[in-house]
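Reader: I would like to learn how to read the packing of helices and the layout of sheets in a model such as this one. Could you take me through it step by step?

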Amino acid sequence: AWADAQMPVLRRVGERFAKARALDGLTVACCLHVTAETASLVQALRAGGAEVALCAANPLSTQDEVAAALDAEDGVEVHAARGADLRAYTEGIAAVAARTPALALDDGADLIARLHDDGATEGLIGATEETTTGLVRLRSLDGAGGLRCPVIAVNEALAERAFNDRHGTGQSTLDGILRATNALLAGCTLVVIGYGWTGRGIAERARGAGASVVVCEVDPVRALEARMQGYEVMTSLAAAEQGDVFVTVTGSRAVLGRAHFERMKDGAILANAGHFDVEIDLEALRAAADGPGREVRPLVEQFEVGGRRLHLLAQGRVVNLAAAEGHPAAVMDLSFALHALVVEALAREPGALAPGVHAVPAGIDREVARLKLEALGVEIDVPTAEQESYRVSWGTAS
C-alpha cells in the first residue's frame, strides 16, 4: 500500500486495464526484482485479466513478505526467496518458463534466454527488457539470428533513461552504500566507473553529498561530457590510488581487477551498481588477498591486500537492491507503467512486430510522461496548429 500510494501513473494504468481487459486469458511471465513496487505492477497486469507467474531477477533483492503476500492474497505463482542459491534461482526461472507464457517481462534477459533454450517461444507474442545488460545479451542473440520474438527495449525509453537510470539508480546506489557502511561521503573521493545515464546520476548525487567525484570511461564523448560537467576524468588505474569509494556501472566485466586492488588505499569500499556481479573481478580480489575475506558488517566483506583493508559490498551484486530497497516507488511508477502499456500494445496486435529488439513506441513514452506530470500537478504548453505546421514544413524562416 505504501508503494502503491507513490505510483499514481501505474494505478491509472491498472484502472484502465480493469475496464479494457486486453490481457484476458493470457499468461504473463515476469523475471523481476520481487519488491513491493513489482507487486503493484503484477496487480495491474492481473486487473487486465492476465495470469501472472513471477520469479526473481536477483535473489538478494527479493522481499520475502511481498512474495508471500502475492502468493497468498493475489493467487500469483511466485518462485523467489531472498538469498536463494544459484540452483534455486535457476529453478525459479525454469518453473516460470515452463508456463509457456504469451508475454514476458524481463530484467537481465535470463527468462527470455531460458524460453529460447527450452524451445518455448512458439506462443510468445513478445517481451520487454528492463536493463542495458539484458539488451546487450538480446542484441547479441538477435545478431546471431537466434532471437525468435519481438522484445521492446523499455530500458531505452526516454522517460526511463531520464527518470529511472539517472534519478532512481543515482539515489538508491548511494542509499545502499550508506546503509551497508554508514560511511561519510562528504570529503571523500568517490570513483564512478562508467558515465552513462546511471553513472551521471550517481556522480551528481555524490557531488551533492560533498564527495569529490572522479569519472573513468572508455568512450571519449562521455569522458569529455564528464570533464565539462566539472568532474576529474582519468584512467581507472590512476583513480585506484585516489579513491575512497568505487562504484562500477558499466555493463561490462572485470573493470576493477587485481592491478586496481593492489593500488587501492586502506579502507577502500567497492560497490557495483551494474546488473550482474561480474564488474568487480571477485576471483582476482580473492587471489590478491592475503587470506580469506571476513564479514565485518552485514553485506560488507573485508579482504586484506598487502596489509590494506578493502571492503566489498553485497558480494559484488547490484548494491542498490542488495543493500537497500532499489529505486523509490515514485521512480518505478514510470518504469512499470511503460512495461504495462507495452505489454498491452503487444497483446492487442500479436504478430505486428518481427523478432528483434524494438524501441518503445513514442506515443507510449510521451503518455507515461504526461500522466506523471498530471500526477505532479504540472501543466505544460501545447503548440498551436500554426506552430505544429511550421515545425514540419519546408519553407523560409520568415
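**Reading helix packing and sheets**

Author: Helices α15 and α16 are oblique to each other, because their axes meet at about 140°, and an angle has to be over 145 degrees to count as roughly antiparallel. Please keep in mind throughout that this is a predicted model.

Reader: Which residues of α15 and α16 meet?

Author: From α15 the contact draws on Ala 330, Asp 333, Leu 334, Ala 337, Leu 338, Leu 341, Val 342 and Ala 345, and these meet Ile 364, Asp 365, Val 368 and Lys 372 of α16. Sorted by class, the contact of α15 with α16 has 9 nonpolar and 3 charged residues, with no polar ones.

Reader: At what angle do α3 and α15 pack?

Author: Helix α3, residues 36-47, packs against helix α15, residues 329-348, at an angle of about 30°, and their axes are 10 Å apart. Angles under 35 degrees count as roughly parallel, and α3 and α15 are therefore described as roughly parallel to each other. The crossing of α3 and α15 is right-handed. On the α3 side the residues in contact are Glu 37, Thr 38, Leu 41 and Leu 45, while α15 contributes Ala 329, Met 332, Phe 336, Ala 340 and Val 343. The residues of this contact of α3 with α15 divide into 7 nonpolar, 1 polar and 1 charged.

Reader: How far apart are the axes of α8 and α9, and what is the angle?

Author: Helix α8, residues 158-181, packs with α9 at an angle of about 50°, and the axes are 7 Å apart. That angle makes α8 oblique to α9, and α8 passes α9 in a right-handed crossing. Among the α8 residues that take part are Arg 161, Asp 165 and Arg 166, and the α9 residues they join in this contact include Trp 197, Glu 204 and Arg 205. By class, the contact of α8 with α9 has 5 nonpolar, 7 polar and 5 charged residues.

Reader: Turning to the sheets, what is the order of the strands in the open sheet with parallel pairing?

Author: That open sheet has 7 strands in the order β3-β2-β1-β4-β5-β6-β15, and the pairing is parallel. Strands β3 (77-79) and β15 (356-358) stand at the edges, each with a single partner strand, so one side of each is left without a neighbour in the sheet. On average, neighbouring strands of this sheet are turned by 20° against each other, with direction ignored. As an example of pairing, strand β6, residues 150-153, runs parallel to β15 and is joined to β15 by 3 bridges, and Val 151 has Val 357 in β15 as its bridge partner. Helix α7, residues 132-143, lies across β5 (126-129), β6 and β15, and runs at about 135° to β15.

Reader: Which strands are at the edges of the sheet with mixed pairing?

Author: The mixed sheet is open and is formed by 8 strands in the order β9-β8-β7-β10-β11-β14-β13-β12. Its edge strands are β9 (232-233) and β12 (294-297), each of which pairs on one side only. Helix α9, residues 197-208, lies across β7 (189-193), β8 (212-216) and β10 (245-248), running at about 170° to β7.

Methods:
Residues are numbered from 1 along each chain as its sequence is written. This is a predicted model: local features need pLDDT of at least 70, side-chain atom pairs count only at pLDDT 80 or more; totals for chains, interfaces and linings use all residues. Side-chain values use heavy atoms; hydrogens and water are left out. Axes are lines fitted to C-alpha atoms, for helices over the stretch in contact, and angles run from 0 to 180 degrees between N-to-C directions. Helices (H or I, at least four residues) and strands (E, at least two) are DSSP runs, numbered from the N terminus. Angles under 35 degrees count as roughly parallel, over 145 as roughly antiparallel, 65 to 115 as roughly perpendicular and the rest as oblique. A crossing is left-handed if the near helix is turned anticlockwise from the far one by less than a right angle, and right-handed if clockwise. Contact means heavy atoms within 4.5 Å. Ala, Val, Leu, Ile, Met, Phe, Trp, Tyr, Cys and Pro count as nonpolar, Asp, Glu, Lys and Arg as charged, and the others, Gly among them, as polar. Two strands pair if DSSP finds at least two bridges between them.
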